[in-house]
Amino acid sequence: MESWDFLDEDFEKEIFEDNFTVIVIYDIISNKRRTQLSKLLSAFGFRIQRSAFECLLTREKYKLLVERINRYAKAEDLICLLYTSDAA
């Protein structure tokens, strides 16, 4: 039986080459809108704290996420921060 080396360079290139980590932190006064944004972010990543999500995204998914968050950004009660980190 062959052993898999998950840190192999070929594996890293194939899986992580165009992906990067995005941390989304938000604060919304409205309970309804907070729930809506939380559901949206759950589709892109996983919750790491009550108002923080970590997402491993491709560039296309990142653009889609930013576009959808911008729909909420027009409201006055939203503070949303996105931190990115290249995986390479």
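Predicted model: local features only at pLDDT ≥ 70, side-chain atom pairs only at ≥ 80, totals over all residues.
Local features were taken at pLDDT of at least 70 and side-chain atom pairs at pLDDT 80 or more, whereas totals for chains, interfaces and linings use all residues. Residues are numbered from 1 along each chain as its sequence is written, and side-chain values use heavy atoms, with hydrogens and water left out.

Strand β1 (residues 19–28) pairs with strand β3 (residues 52–58) in the antiparallel sense over seven bridges, strands being DSSP runs of E of at least two residues, numbered from the N terminus, and pairing requiring at least two DSSP bridges. Within this pairing, Val-22 has Cys-55 of β3 as its bridge partner. Strand β2 (residues 46–49) also runs antiparallel to β3, joined to it by three bridges, and a hairpin of two residues connects β2 to β3.

Ser-38 is located in helix α2 (residues 31–42), helices being DSSP runs of H or I of at least four residues. With a relative accessibility of 10%, Ser-38 counts as buried (under 20% relative accessible area, with exposed over 50% and partly exposed in between; 1.4 Å probe, protein chains only). Residues up to four places away in sequence aside, Ser-38 touches Tyr-26, Arg-47 and Phe-53 (heavy atoms within 4.5 Å).

Ile-25, which lies in strand β1, is partly exposed at 33% relative accessible area. Ile-25 belongs to a nonpolar surface patch together with Ile-79, Leu-81 and Tyr-83, to which strand β4 (residues 78–86) gives the most, with three residues.

Methods:
Patch = residues over 30% accessible without salt bridge, like charges linked within 9 Å, V, L, I, M, F, W, Y side chains within 5 Å. Areas by Shrake-Rupley, 256 points an atom, 1.4 Å probe, with all protein chains shown as cover. Salt bridge = Lys/Arg side-chain N within 4 Å of Asp/Glu carboxyl O.
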